[in-house]
Amino acid sequence: MPTPSRRTFAVAALAALAALVLPLSACGSSDDGSGSTDASGKVEGDITFQTWNLRANFKPYFDGLIADFEKKYPGTHVKWIDQPAEGYADKLSADAAGGTLPDVVNVSPDLLAPLVKAGLALDLDKAAAKYRPEYLDGAWTGQQIPGVGGTYAFPWYLNTGPMFYNKGLFKKAGLDPDSPPKTYDELFTDALQMARKSNGKVATLANVPTVEDFGRYGVELMNKQGTGFAFNDAKGVELLTKYKELYDAKALDPQALTATPESSGKKFLTEAVAMNPGSALDLENFKKQAPNLYKNIGITDQITSTGHVNMYVMGVMVNSRTKHTPAAVAFAHYVTDAQNQMSFAKQVAIFPSTAGSLDDPYFTKEDGTDETRVRIAAAKSLKNAVNYTPVLFSDQMKTALRNEVAKALQGKESPKAALDNAVKACDQLLQQQG
């Protein structure tokens with residue numbers, strides 16, 4: 001996983017850095033392995049724990065965590081391995097195929113899916129069901145794979161972010177700077193007014209809709225079996241049609257078709273765009289680089305039709321073939337228990353996935369700083385947040401959807417035809433995953 005101190009997942013979605021599909025077909029099923037699903041025995045033995053680009057910034061934290069665990073369970077020894085962000089998916093694939101996958105592995109849901117299909121992830125609903133009540137429901141279900149029964153990783157940390165908006169631009173457009181849009185209808189109406197009043201010079205949004213946006217709009221993204229995509233339904237077509245209206249009116253930035261989170265952030269920084277997702281880290285940036293924007297910054301919730309904001313969730317998986325199942329499960333749970341997640345959250349801008357942790361004063365008590373204000377707002381929204389991006393949605397699928405969305409916005413295809421084509425392409429890619 002990318003180091004969490006970089007732009008938060010709400011802006012630079014973590015999963016985008018890793019390939020979703022690992023070539024694990026050579027791994028066979030878990031029946032071939034010598035591991036046990038029984039985690040009730042004595043916690044002892046040597047295990048390996050692999051993280052994703054965390055050693056550079058958090059070595060003291062993890063050294064302390066491991067030392068405390070080994071002290072609690074004297075017969076254990078944990079070897080910590082940390083892999084760089086780049087190529088992490090390939091490393092997992094190679095280890096899986098070669099039978100060298102560590103006992104406990106840091107994964108995002110997209111990286112978990114192929115390991116589950118290869119029979120390499122321990123089903124915690126069978127091996128560690130007693131721990132489920134300790135975690136937020138949305139975080140636990142975020143470690144499940146469509147079409148496969150079970151839960152395959154302990155939820156670790158979460159992230160989300162608010163929407164920032166420019167009060168000065170809202171005021172210039174004749175909009176109430178203290179009443180940002182709270183619904184999609186309000187967003188689209190305000191965006192059209194902003195474009196009209198600025199003669200097309202100020203867009204409200206800088207990004208085309210992604211699969212996550214369709215999810216927030218209330219579109220059914222996949223069928224219940226996880227065998228096909230469904231975002232070309234009437235609601236999906238409605239959302240893309242609205243975006244086409246925004247694009248034609250220059251209420252959606254003309255460069256949105258090629259925008260990245262970084263380029264969108266710059267547009268917001270230079271006050272060419274009125275709204276953008278962000279994090280507490282961005283506030284510091286605004287203060288230093290764009291004092292006028294900072295003076296006019298507004299903070300509001302993500303817009304959603306479902307009542308649930310989007311979250312990014314990390315997990316800690318147990319290798320189903322570990323020789324020391326009790327120790328591996330105990331350690332994976334230890335890393336992700338409430339006390340240790342809270343300790344980690346105070347070192348970096350992430351949020352615990354454990355039930356009740358978000359009620360801690362650290363996430364509820366204002367101290368007058370913008371950073372705390374954003375943290376409190378995010379923590380509140382995370383209590384019932386969901387991960388909208390389907391775990392089976394690969395980078396190739398993201399590209400296919402983006403290409404079809406671009407054709408619709410440019411008027412080369414109707415929104416319906418574009419989404420039909422995107423679903424067809426994504427379904428074909430899904431079949432190739434096996």
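The model is predicted, with local features needing pLDDT of at least 70 and side-chain atom pairs counting only at pLDDT 80 or more, while totals for chains, interfaces and linings use all residues. Residues are numbered from 1 along each chain as its sequence is written, and side-chain values use heavy atoms, leaving out hydrogens and water.

**Nonpolar cores**
- A nonpolar core here is a set of buried Ala, Val, Leu, Ile, Met, Phe, Trp, Tyr and Cys residues joined through side-chain atoms within 4.5 Å; buried means under 20% relative accessible area (1.4 Å probe, protein chains only).
- The largest such core has 127 residues, and F62 and F231 touch the most other members.
- Helix α13 (residues 325-335) gives this core its largest share, eight residues; helices are DSSP runs of H or I with at least four residues, numbered from the N terminus.
- Beyond its neighbours within four places in sequence, F62 has contacts (heavy atoms within 4.5 Å) with F49, T51, L54, W80, W156 and F344.

**Helix α15**
- Helix α15 (residues 370-382) has 13 residues and spans 18 Å from first to last C-alpha, close to the 18 Å expected at 1.5 Å a residue, counting one less than its number of residues.
- Its buried residues include V374, I376 and L382, and the buried residues of α15 pack against β4 (154-159), β5 (163-166), α11 (280-289) and β7 (297-300); strands are DSSP runs of E with at least two residues.

**Loop residue L257**
- L257 sits in the loop between α9 (234-248) and α10 (261-269), and counts as buried because its relative accessibility is 17%.
- Leaving out residues up to four places away in sequence, L257 touches V208, Y247, R402, A406, L409 and Q410.
- The C-alpha atoms of L257 and Q410 are 9.3 Å apart, with the two residues 153 residues apart along the chain.

Notes. Buried means under 20% relative accessible area, exposed over 50%, partly exposed in between (1.4 Å probe, protein chains only).
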